Structures are given as structure tokens and as C-alpha cells.
Amino acid sequence: MIQLNVIPGYAEAMPADPDMSNTRRMVADAYSYVTPRIFPHARLIHTSVEAAELLGMDKTQTMSEQFLKVFSGQEVYPGTHPYAMAYAGHQFGNWAGQLGDGRAINLFEVEHNGRWAVQLKGAGETPYSRHADGLAVLRSSIREHLCSEAMHHLGVPTTRSLCLIETGEKVVRDMFYDGHPKLEPGAVVCRLSPTFIRFGNFEFFAAKKDKEKLTRLLDYTINQSFPHIAISSKDAYIDMFKDVCNLTIDLIMEWKRVGFVHGVMNTDNMSIAGLTLDYGPYGWIDRYDEDWTPNTTDSGQKRYRFGQQDYIALWNLYQLANALYPCIGDVDALQDVLKTTEMDIPQKYYTMMSKKMGLRYVDQDIALHVDELRELMQSSGIDMTIFFWILSDVDWEAVELNQENILRLIQPALYRELSHSEAEKWHKWFEKYLMFLKKDKSNVVERQQRMKSVNPKYVLRNYMAQLAIEQAYEGEYNLIDELYEMLKRPYTDQKEYDHWHKLIPDWAIDRPGSSTLSCSS
Ligand code: AMP
Ligand code: MG
């Protein structure tokens with residue numbers, strides 16, 4: 001028997017929409033009650049036992065029939081009332097109006113190892129589904145399940161994924177938006193998060209000019225996610241906003257540290273608690289390129305490209321400030337927070353990068369050196385993950401630094417041969433790097449350990465998820481399991497998985513799903 005410690009949460013604190021008809025429409029309130037769709041042939045594909053433990057379940061319980069029933073939405077857990085949340089948002093820089101959980105259904109909240117809201121993604125229509133079906137396909141669900149858990153093990157704040165369920169029903173998707181819709185297997189992912197509140201939930205009430213409910217949402221959010229702040233005062237709201245700014249920029253630095261590109265940083269995908277939220281057309285940097293975005297919907301403007309994520313986060317924080325303004329009424333105070341946040345970005349960035357380089361301090365010279373490295377990585381198209389692993393693995397103070405040795409050492413990270421002048425630039429860069437290392441006076445072993453705690457050896461490269469997807473579409477799931485197991489220890493040398501610590505294969509360079517992804521999911 002599964003016994004969950006269900007507690008009151010968002011649904012108890014916020015007003016429900018009074019209209020119970022559950023049709024697609026504009027709503028006035030914070031959420032609507034919905035019923036998850038029943039999938040009689042639902043099948044459990046993969047479970048994160050680590051995530052199950054957060055809710056107080058053990059491995060045996062995750063294998064029970066009841067687990068599948070509760071976490072696929074077929075059986076409503078006693079005393080709970082599933083619901084979908086209303087929110088609004090700015091998408092690709094434009095106001096998009098009301099959005100909401102179009103295919104997410106919140107089941108309940110549980111207290112065990114912390115508090116966790118439990119949410120299904122892909123379990124059918126809600127009043128917020130607009131023109132869409134409320135369903136998710138297996139391909140995007142595999143990507144969300146694996147990546148959420150991988151991010152957690154990388155130490156990047158994120159929602160979690162409890163399990164991946166195949167619904168046994170087909171879903172129609174036009175993957176490339178080119179007029180060729182296909183039937184694909186449907187799936188449900190069960191996500192866990194301390195909160196699913198987004199910037200867009202605040203924008204929703206602000207747009208409705210409903211100050212009372214905006215205040216209620218603010219007080220609830222502070223109470224749940226920022227308990228060190230006293231509620232219900234202008235100062236409290238400013239303090240919360242400061243925290244959100246810090247958490248958000250810190251999150252983006254984590255993305256930049258591991259080479260993650262979210263792909264759709266719309267304000268409705270921005271977690272109020274600074275968590276990675278809504279894994280859609282995300283991607284990982286293989287060949288270093290700050291201008292890269294995996295999202296084909298954004299291929300013209302590249303608004304959400306890798307290198308711009310911090311400034312886009314700042315833009316989103318401006319939208320949040322606008323939404324909170326009615327409860328704060330002090331433009332100067334909000335602007336001060338935003339200015340400080342903006343000024344902190346370079347400092348946070350260079351601190352993160354100097355840590356990747358194994359340095360325990362950062363100054364202007366190091367910042368310049370980081371910029372030189374970025375330029376070199378960009379122009380040489382070097383593999384980001386492999387390069388930083390090599391940087392962490394080699395005792396540079398013991399190497400005779402000539403062009404030949406440097407080329408030999410960074411060779412495994414190179415996608416092409418370097419020209420003589422490029423090799424010379426790397427040589428110069430390493431000579432200066434050695435200077436900084438000497439100044440830092442770390443013990444080599446200690447430094448390597450430090451570097452290997454911030455530079456992962458294994459990440460979920462786009463082609464790897466794609467291979468797992470292609471295998472799953474053939475009815476085989478062992479790659480999901482292999483990747484999941486490997487990504488539990490991304491900073492540890494795992495020789496048995498070294499075939500995944502490689503340059504991406506040629507076929508993956510232009511293949512859809514590996515190099516580019518659409519929002520179709
Ligand atoms: P996203 O770009 O995935 O963050 O989605 C933007 C909005 O569209 C959100 O409100 C989603 O809930 C909604 N949405 C995306 N896909 C679907 C779908 N298949 N059915 C219903 N709503 C969807
Ligand atoms: Mg979303």
C-alpha cells in the first residue's frame with residue numbers, strides 16, 4: 001500500500017475557478033478542477049527511485065499496481081482533488097495573455113523529505129488547453145524524464161521526474177510543422193517540485209488588475225518558498241523579489257556552467273523558486289557556440305541562445321517586477337533591485353568560469369582570460385564538456401607547454417584540425433593560464449578534485465537522448481536505463497560509460513532531434 005502524507009497546498013490557499021464545466025475558456029481564478037484522462041493500457045517505462053524516496057516510497061512500492069494507477073492519474077488518491085493552474089506570460093518577448101496548465105494536472109502536495117507538489121504532464125485536456133490536446137508524446141517525455149534527473153545530479157536546481165509512463169494511446173503530431181502529421185506513442189511524465197508557481201502566475205492576476213488575489217499569491221509564495229521573509233508588507237515583497245532575482249541569475253549561471261540551453265525562456269516557463277522548469281526543445285552544448293539554440297521556432301531571432309540566457313532572464317525579471325508593482329507601488333525600489341541584479345551578472349559569470357578553470361579567486365585579469373577562452377572555444381568549435389574535463393584532469397604545471405603538447409592534450413575535444421595560428425593562440429592562452437595556476441598555489445590533487453566537482457564528465461547530449469528515443473520507438477528501453485544510471489554520477493569517472501564521453505558522431509551534427517528540436521511535443 002502506498003501511504004502518502006498529503007498536505008494542504010496551493011489549491012487550499014488560492015481560490016478555485018467557480019465554473020466547473022471544464023471547457024476551454026478564459027478563467028477568472030487561480031486554478032480549475034480537472035479530471036486526468038484514464039489510459040487503460042498505461043505502462044510504466046521508467047521510475048526514478050531517488051525521486052520516489054522524496055515522497056516516502058521505496059523501490060518495492062514503485063513497482064506496485066497502485067503506483068502506476070496513482071501516478072498516471074487513473075486512480076485519484078483519497079482526499080485529493082486534481083487541478084490545473086491558470087497563468088499568463090510573455091512568449092518570445094510578446095505578451096501572450098492567458099495561458100495555464102494546458103497539459104499539466106496537479107495531483108496533490110506531499111510532505112516527506114520537504115514538500116513536493118506532484119504533477120502529471122500529458123494527462124489530457126484542461127480549461128487551458130486552448131487549441132491543443134493536453135497530451136504529450138513519448139519522445140519529449142523521455143527527454144524531460146532523463147534531463148530532470150540528470151540536472152538534479154549535476155547539482156542544478158530543477159523540478160524532478162518521478163516516472164515515465166507510456167499511455168498506450170497514439171497522439172498526432174506534426175513534428176516539423178511541415179504539414180506531415182504522424183501518429184506517435186503518447187506518454188505521461190510525473191513531475192515533482194517544491195512549487196510549480198511561475199512568473200506567469202503573477203502576470204495573470206496583474207493583467208486582470210486583481211490586486212487582492214495577487215497579494216494572496218504573493219503571501220502564499222513567501223510562506224511556502226521564502227519562509228525566512230515575513231509576509232504581507234511592501235518590504236517583504238521587495239525582499240522576495242530580490243531573492244527571486246538572485247535565484248534566477250544563479251540558475252542561469254548553473255546552466256552556463258554545464259552547457260545547458262533551455263530553449264523556451266518565456267515568462268510562463270520561469271519558476272518563481274529559481275528551478276529549471278518545463279523541458280521542451282532544450283539542448284546541450286557539444287561544440288562550443290554561444291549563439292546556438294536548439295529550438296527551431298527561435299532559429300531566426302535566436303532570442304534564447306546559450307550565451308544570452310542571463311540577459312533574457314533579466315528581461316523576464318523586468319516583467320515580473322511589472323506584475324508585482326501593484327502590491328509594491330515603489331518603482332525606485334524595484335528598479336534598484338533590477339540594477340543590482342544586472343550588475344551582478346558579470347561578477348557571477350566570471351566567478352563561475354574561474355571555478356571551472358580551477359581558480360579560487362577572480363580579478364580583472366582572470367575575467368579577461370575567461371573572455372579569451374570563450375573566444376578561442378567559439379572560434380575553434382571545441383567540445384565544451386570534454387575540454388573542461390581535460391582541463392580538470394591534466395596537471396598543467398607538470399606539462400612542458402609547447403604547441404605540440406597542448407594540441408596533443410586537447411585533441412580529444414577538437415572537432416577539426418586547428419590552423420597554425422589557432423594553435424599558437426591556444427599555446428599563449430595556456431601559458432597565461434599556467435601563470436594564474438601558479439599564483440593560486442593550490443595543491444594539484446585538491447584542485448583537480450575541485451574542478452571535477454564543477455566540470456561534469458557526462459551530460460545528456462542531444463544525440464544520446466535521441467538514440468534512447470529511437471530505441472524506445474522500437475519498443476526497447478534499456479538505453480533510457482543506461483543513460484539514467486550513468487547520469488546519476490556525472491562527475492565520476494565511470495570507465496564503463498566512456499563511450500558517452502566522446503565527440504558527437506558525424507550523423508548527429510545535422511540530424512533533427514540531435515541538433516534541432518521543435519516545440520512540437
Ligand atoms: P510551452 O511552450 O511548452 O511552455 O507551452 C506553452 C503553453 O502551451 C502552456 O500553457 C502549455 O500548457 C500549452 N501547451 C503546450 N502543449 C500543449 C498540448 N499538447 N496541449 C495543451 N496545451 C499545451
Ligand atoms: Mg511551459
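Predicted model: local features only at pLDDT ≥ 70, side-chain atom pairs only at ≥ 80, totals over all residues.
Q: Is Asn269 buried or exposed?
A: Asn269 counts as buried, because its relative accessibility of 10% falls under the 20% cut-off.

Q: And Asp278, buried or exposed?
A: Asp278 counts as buried too, because 13% relative accessibility is also under 20%.

Q: Nice. Switching to ligand 1, how many residues surround it, and which are the closest?
A: Ligand 1 is surrounded by 17 residues, and the closest are Gly100, Gly102, Arg130, Gly134 and Asn269.

Q: Which polar side-chain atoms lie by a nitrogen atom of ligand 1?
A: One belongs to Asp133, at 3.1 Å from a nitrogen atom of the ligand. Another is from Arg103, with a distance of 3.3 Å to a nitrogen atom of ligand 1.

Q: What about Tyr87?
A: An N or O atom in the Tyr87 side chain is 3.5 Å from an oxygen atom of ligand 1.

Q: How much of ligand 1 does the protein cover?
A: On its own, ligand 1 has 480 Å² of accessible area, and the protein covers 80% of that.

Q: Last one: where does ligand 1 sit?
A: Ligand 1 is in the largest pocket.

Methods:
Residues numbered from 1 in each chain as written. Chains lettered and ligands numbered in written order. Heavy atoms only, no water. Near = heavy atom within 4 Å. Polar contact = N/O pair within 3.5 Å; in protein donor to acceptor, adjacent residues only side chain to side chain. Areas by Shrake-Rupley, 256 points an atom, 1.4 Å probe, with all protein chains shown as cover. 1 Å grid on protein atoms, 1.4 Å probe; cavity = no way out; pocket = protein on both sides within 12 Å on 5 of 7 lines; lining within 4 Å. Sits in = over half its atoms within 2 Å of the grid points. Buried < 20%, exposed > 50% of the residue type's maximum accessible area, 1.4 Å probe, protein only.
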